[in-house]
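Me: I'm new to reading protein models, and I'd like to go through one with you. Could you take me through it feature by feature?

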Amino acid sequence: MPNAEPCRSGERGVALGAAVFALAVMGGLVAGNFMTGWLEHQSGRNTLFAVQAAEAAEAELWEAAAAAPRGALAALVPGGAGHQLEAVSFNGVMVQREIFRLTERLFLIRVRASRTDAGGTPLAIRSLGLLVKFAADSASAVALVPVAQRPWVQLY
Amino acid sequence: MLGTHGRQGFTLAEIMVSTAIMLIVAGAVYQSLFLTGRLSRAQVQQVDVQSSVRSAALILGHEFRSLGAGVGSSGSESDLLSLGPSALVYRAERGFGLLCLPAGAGRITLGRASFAGHRDPQPGRDSVSLFVEGDPASANDDNWLALGISGVGARSCANGESPGIDLSVGPSPVLEGLPPGTPARIHETVELRLYRSENRSWLGMRSVSAQENIQPLAGPLRDADGLRLEYLSGAGLPTGIAAEVRSIRLSLQGQSDRAVQVGARAGEPAADSLSALITLRNAKR
């Protein structure tokens with residue numbers, strides 16, 4: 001009768017288990033660190049988007065006051081629908097500008113800036129307003145100028 | 001008798017050497033895991049500090065930007081009521097709307113569709129400022145009339161839109177002449193300051209007009225200089241006169257809730273700072 005090899009099916013080492021456990025622990029730590037960095041990145045990006053929207057709204061607010069067509073504004077009815085200026089888009093920020101006639105001479109320029117992602121989903125929105133009037137300037141021409149007292153409006 | 005073919009044992013020396021190697025490797029792995037864990041905790045604290053000061057700067061920028069100074073018919077009015085290096089009392093803007101009906105005696109109605117704000121006006125807590133037009137052809141003689149709000153209700157606007165916000169306000173002779181479309185700003189007097197609670201310093205805010213207790217806005221901040229406010233005139237020079245302020249330099253020094261230890265340094269809170277210069281958009285130009 002030939003000598004039989006001793007059966008080893010019941011013998012198991014710990015090397016594989018230990019290696020898997022070590023990998024899992026290290027993976028967890030790496031994932032934790034990655035998560036922390038990712039959250040910081042997202043938080044910073046959100047702040048950046050909010051600032052981009054705010055700056056765009058601010059810039060276009062004053063630009064709209066200069067670009068508003070006098071003829072179209074004169075035709076607006078106080079308390080009625082507004083006059084939409086051409087929307088402006090740059091660097092992922094879309095800015096919509098509209099002018100409303102509040103009273104005979106008083107107008108409100110409303111600007112809404114949205115920072116969007118590549119798919120057009122808004123990431124941050126900022127709305128601002130500027131109170132302006134038809135007023136005679138030094139050359140006796142009619143100009144749209146901000147009111148002297150508190151013209152800037154936060155529209156949330 | 002079982003054969004010994006294929007069964008090899010280890011000598012004592014082999015076991016001792018392998019045990020020593022395993023201990024060295026395990027020690028190195030433990031050290032690595034320990035340092036990584038500590039670094040990870042430190043990063044979380046650092047992120048918390050950065051996030052806290054960044055949020056505070058955003059909120060305060062939003063609050064300060066709409067303030068007015070050097071305004072009014074005399075040019076001496078200001079929304080800044082009390083200036084301090086780490087505290088400020090001011091009239092914060094809380095909403096903006098347009099009258100949808102002509103103003104009556106002690107009563108105005110804001111259109112719901114035109115109203116923009118975090119919340120509706122509240123009696124006792126808020127006041128309203130109404131735009132009073134001077135010469136229609138001039139942009140230089142208009143003014144804002146400030147009135148207290150004693151009651152808030154709902155009232156239909158003439159144009160059939162959803163019920164407007166009806167405000168009972170203090171009497172004024174010019175009130176009844178105000179037409180629909182007149183702009184109205186809602187204000188609340190608030191105090192912002194560095195305060196201590198649970199042995200830490202926090203940036204806190206409270207409504208002065210509603211007599212609220214102070215609530216934390218961000219923090220913890222450094223005890224001595226966690227919040228610094230510097231008030232600058234139009235020439236960029238420091239000023240203590242509220243009507244002369246044109247911008248506010250804000251400086252925040254944040255620190256983490258817990259001490260962190262990186263490397264051999266003794267544990268101390270993670271720290272970060274942020275400065276911003278905020279121009280008051282409604283200050284006299």
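Me: Is H83(A) buried, exposed or partly exposed, and why?

Reply: First, some ground rules. This is a predicted model, where local features need pLDDT of at least 70, side-chain atom pairs count only at pLDDT 80 or more, and totals for chains, interfaces and linings use all residues. Residues are numbered from 1 along each chain as its sequence is written, while chains are lettered from A and ligands numbered from 1 in the order in which they are written. Now the idea: a residue is buried if 20 or more other C-beta atoms lie within 10 Å of its own, exposed if 12 or fewer, and partly exposed in between, with C-beta atoms placed from the backbone. H83(A) has 17 other C-beta atoms within 10 Å, so it is partly exposed.

Me: Where does H83(A) lie, and which residues is it in contact with beyond its sequence neighbours?

Reply: H83(A) lies in strand β1 (residues 83-90) of chain A. Helices (H or I, at least four residues) and strands (E, at least two) are DSSP runs, numbered from the N terminus. Two residues are in contact if their C-beta atoms, placed from the backbone, lie within 7 Å. Leaving aside neighbours within four places in sequence, H83(A) is in contact with A72(A), L73(A), L76(A), E98(A) and I99(A).

Me: What are the elements of chain A, in order?

Reply: Starting at the N terminus, chain A runs α-α-β-β-β-β-β-β. That comes to 2 helices and 6 strands.

Me: How far does α1(A) reach?

Reply: For a helix, the expected span is 1.5 Å times one less than its number of residues. α1(A) has 53 residues and reaches 75 Å from its first C-alpha to its last, close to the expected 78 Å. Among its buried residues are T36(A), F49(A) and L61(A).

Me: How many residues does each chain give to the contact between them?

Reply: Chain A gives 36 residues and chain B gives 41. On chain A's side, the elements that give two or more residues are α1 (15-67), β4 (122-136), β5 (142-146) and β6 (152-154). The largest share comes from α1(A), with 11 residues. To sort residues by class, Ala, Val, Leu, Ile, Met, Phe, Trp, Tyr, Cys and Pro count as nonpolar, Asp, Glu, Lys and Arg as charged, and the others, Gly among them, as polar. The side of chain A that touches chain B has 20 nonpolar, 10 polar and 6 charged residues.

Me: Where in chain A is confidence lowest, and where is it highest?

Reply: Look at pLDDT, the predictor's confidence in each residue, from 0 to 100. Confidence is lowest in β5(A), at a mean of 78, and highest in strand β3 (residues 106-116) of chain A, at 93. For chain A the mean is 83, and 88% of its residues reach 70 or more. Where pLDDT is low, the predicted coordinates should not be read in detail.

Me: Over to chain B. What does its radius of gyration say?

Reply: The radius of gyration is taken over C-alpha atoms, and the globule rule is 2.2 Å times the number of residues to the power 0.38. A compact globule of 285 residues would come near 19 Å, but chain B has 31 Å. Its C-alpha trace spans about 120 × 50 × 35 Å along its principal axes. Chain B has 1 helix and 15 strands.

Me: Which strands pair with β7(B), and in what sense?

Reply: Two strands pair if DSSP finds at least two bridges between them. β7(B) pairs in the antiparallel sense with strand β10 (residues 183-197) of chain B over 5 bridges, and with strand β8 (residues 143-155) of chain B, also antiparallel, over 6 bridges. As examples, V128(B) has I186(B) in β10(B) as its bridge partner, and S127(B) stands opposite G148(B) in β8(B). Strand β7 (residues 126-132) of chain B has 6 of its 7 residues buried, so it is largely enclosed by the rest of the structure.
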